[in-house]
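User: I would like a quick tour of this model. Start with the terms, then the details.

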Amino acid sequence: MTNLKLAVEVVRAHNLMPRDGQGSSNAFVELQFDGQKFRTTVKEKDLDPFWNEVFYFNVSNPNELHSLTLDAHIYNINQAINSKTSLGKVRLTATSFVPHSDAVVFNYPLEKGSLFSRARGELGLKVYVTDDPSIKSSIPLPDIASSSSSSHSSLQSNQGELTSRKIEESAAAISANGKKGMIRSFFHLPRSNNQVQPPSPAPSQQPIVYRGDETRSENHAPQVFNMFANSYTQSSSFGLRETNPILGVGLVEQMQFLFVRVVKANDLPSKDLTGSLDPYVEVKLGNYKGVTKHLEKNQSPEWNTVFTFSKDRMQSSLLEVLVKDKHILKDEFVGVVRFDLHEIPTRVPPDSPLAPQWYRLENKKGEKGKGELMLAVWIGTQADEAFSDAWHSDEATSVDSSTPSNHIRSKVYHSPRLWYVRVNVIEAQDLVFLSEKNRGLSNVHIKAQIGNQVLKTKSMQSQNTNVLWNEDLMFVASEPFDDHLILTVEDRVGPNKDEILGRTFIPLATVERRADDRIVHSRWFNLQTPSSSDIEEPKKDKFSSRIHLRVCLDGGYHVLDESTHYSSDLRPTAKQLWKPPIGILELGILNADALTAMKTRHNRGTSDTYCVAKYGQKWVRTRTITDSLNPKYNEQYTWEVFDPATVLTVGVFDNGQITDKGSNGNRDTKIGKVRIRISTLETGRVYTHSYPLLVLHPSGVKTMGELHLAIRFSCTSMPNMMLLYSKPLLPKMHYKMPLTMVQLDMLRHQAVAIVAARLSRAEPPLGKEVVEYMTDADSHLWSMRRSKANFFRLMSVFNGVFAVGKWFKEVCAWTNPITTVLVHVLFLMLIFFPELILPTLFMYNFLIGLWNYRYRPKYPPHMNTRLSCADSVHSDELDEEFDTFPTSKSSDLVRMRYDRLRSVAGRIQTVVGDVASQGERIQALQSWRDPRATVIFMLFCVVASAVLYAVPLRLLIVTGGLYVMRHPKFRHKLPPAPLNFFRRLPARTDSML
């Protein structure tokens, strides 16, 4: 029996409906879960009662926990007539059942208990799951409504005694564990109400724990548990957690910042003997300071730089803006402007920007001196237009000021538009062979190159100077088309030795573009001599070798630059083929919690993290929050959605460019990523969840922290979106002129390399490791873990078929006679009324979908460690998965893994051979490989044709069905004759070596 229990702590109620006729209520709470019912004590004459009572429910089947609900009803008891009246109810689904470590007290608004009842107020509950074996289930109390009036008074006294006894037990438990009984009240607000209610003071009474006579022997950490809407359950440390943040405008929490815009200075005093000045400005607030660039020999400099300081990190009430003179040894003080933070104005967009003002500089004594500084100082939020380009105080704490600011800024990128380049090599004429020995028989091929992409045609043998190929080569190119298509004609003169016969250069900007499958006109190109390296148009000679080509830019395809399973864009390259968007996707990157330290600074672990989100051609990067394991980003981004069958990817990285000594060119380290499929989101709903950042390491799967996101998908055209479900997933060219799987894999690899090269040159750069991790560039490599996971996925798909077969076998075995009789009746009805077969089938599927609606997922699916076989993978399999390609392991280890792969492939080979044998036996019925078996089958066909002609088909079906479902008394344990005949048919296994 399982030890899993659901704990419900009934804390308090607030603002209940008066129902006793005297402006008050005698309230108690009744809890119902999984067929169990518990209730609290009665609080008389109190519209804001406190209970602080804990109940433990047994969970009969943990696999069905995701489908269970908890009902909490508040009733008012009328002691005169011994009846109860509903004051409201709360229903909680499985998404509210979290581990004890994540549980907090929420105030849930009360709903009406029945159609004609009234309800108001809130009920404070704390709900969590635990697997502690020392906890016993609660003792149910008798129902108030069913008890007599005489027993009601005794029940109240018994409840008082039980309450006092439980208080004593709780006090003893609290003395053993000081943390028990500490309750933090968090108020859960309905979505329609934006007002925050002040929390009421918590009472001094400790929680009353209703359980058996035994108490906890020791303090055990509760085992984590999580619920999923499928059979793949996993630990809640790897699961999704729903949150209820207070969102401001949009999908992020409003954060206040102090903005300081340093515009320019005028008439600054000279400090050098030469009369020059190299000024810069230092903005200082407590321990934070930002510095502008110094301008050499300029007494009226202009900076126009914005600094921001997070209001949560402000350690001083005085802002100082200092002007200094840059020197080699020590910088010299020029002047200062001071501001009191309490007197700084607040600006909220769409207010106009605050106009800068001139401020006279003061000396160290506070006296007005020479020089002026133009400044604008205000308090705003992250919605301010100056926020994105500003220097942030939370981006540079504990980091050397030499760190370039372009490594920590937030930016939006657009990946280049990619095209497929189709090169149809038709023929070459009038080739001039340099080697005398090849004048009789040549072995010619063409090498085509665009950038780093190199492809070759097949080698064709020819006895003359004309060679024919008619072969297609596919490349990937990006806008703007700065590269050239270089084609080189080569002759194989020896082993690994090629002789260049000529080459031609074709600028991609001059290549014809097409958006459909129309035929592109072919062209002849003259070949330049092998010694020529000029990429310009060659001079036209009277005689030269030439090559016949058909080159075009195919815009009807979608260039796959990410794994097909996680594609974020399915549109073709040509813009004229784009359809209007069907919706808007809004993403709020709120914060990250409990991140794993990726580096050491000042003898402690820390991280400098930023987030990257990719959807379609738009990449976004948040600002880097330095020296924090719990960074707050609160940045919002939007995308246009053209197809719901796409995936949004959000990754978290540690900025390797930032160290104590500034940028050192290190690679950024992956922390984790989240994938969200757009089609799983309900339209218009705001999803706020904390996603665990799961990363597979050679030592196993690890949780690197949590990423808090807010997501909303808004549909602009519901008919267009519903119509998309009937359209092809990819553009038409993928079906009219399909590419092979080998071509798609090669082209995807080239596309990722092009995108990574382009984004790595942006400011701030997105490294190659970031792009490859976000696009799953290595998902095609071999992995024993993925192979097992895919096998189990396949088995789960066929589980329904196996279950139907097992059920039909039980029907035929008369395991349940009533079910078997009903199946016989249904079978006869469908036979004699065949027009009911299809309507019954479709109605049955409709009812199944309607029944499963109550079990639908309440949140987007997330990475599942059980489904991925990551929680039970062997260490050697992980070591093989993280091995380089080609391998870098020792020969003995590679030999062992090769033998293991051979054993797995041997089992697959056996299964494939068995399936092939069954198909060959079917072919052997008429192939006369076994003449006697073929004669028997032919005689059977003659008799069957006569019987089917003479006997009505409906009668034959009824007879066959009743025979199959006959009672076990009329069955034999031996296989039937048709099966014996089929197994005796010959296969071709005896002909194999």
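Analyst: Accessible areas come from the Shrake-Rupley method with a 1.4 Å probe, and for residues only the protein chains shown count as cover. This is a predicted model: local features need pLDDT of at least 70, side-chain atom pairs count only at pLDDT 80 or more, and totals for chains, interfaces and linings use all residues. Residues are numbered from 1 along each chain as its sequence is written, and side-chain values use heavy atoms, with hydrogens and water left out.

User: What share of the accessible surface of the protein belongs to carbon and sulfur atoms?

Analyst: The accessible surface of the protein comes to about 53300 Å². The share from carbon and sulfur atoms is 55%.

User: How many of the residues count as buried, in percent?

Analyst: Buried means under 20% relative accessible area, exposed over 50%, partly exposed in between (1.4 Å probe, protein chains only). The protein has 993 residues. The buried part is 43%.

User: Which strands are at the edges of the open sheet of 5 strands?

Analyst: Strands (E, at least two residues) and helices (H or I, at least four) are DSSP runs, numbered from the N terminus. Two strands pair if DSSP finds at least two bridges between them. The order is β12-β41-β42-β33-β38, with antiparallel pairing. Pairing on one side only marks the edge strands, β12 (241-242) and β38 (632-641).

User: Which residue in β42 is the bridge partner of E586?

Analyst: Strand β33 (residues 583-593) runs antiparallel to strand β42 (residues 700-715), and 10 bridges join them. The partner of E586 in β42 is R712.

User: In the hairpin of β28 and β29, which residue takes a positive phi?

Analyst: Strands β28 (residues 484-494) and β29 (residues 497-507) pair in the antiparallel sense over 10 bridges. V489 has its bridge partner in β29, G502. The hairpin has 2 residues between the strands. The positive phi, near 55°, belongs to N496.

User: Is α6 roughly parallel or roughly perpendicular to α7?

Analyst: Axes are lines fitted to C-alpha atoms, for helices over the stretch in contact, and angles run from 0 to 180 degrees between N-to-C directions. Helix α6 (residues 784-812) and helix α7 (residues 817-832) pack at about 100°, with axes 8 Å apart. Angles under 35 degrees count as roughly parallel, over 145 as roughly antiparallel, 65 to 115 as roughly perpendicular and the rest as oblique. The angle therefore makes α6, relative to α7, roughly perpendicular.

User: Why does S917 count as buried?

Analyst: S917 is found in helix α10 (residues 891-923). Contact means heavy atoms within 4.5 Å, and S917 touches A987 and T989, not counting residues up to four places away in sequence. S917 counts as buried because its relative accessibility is 8%.
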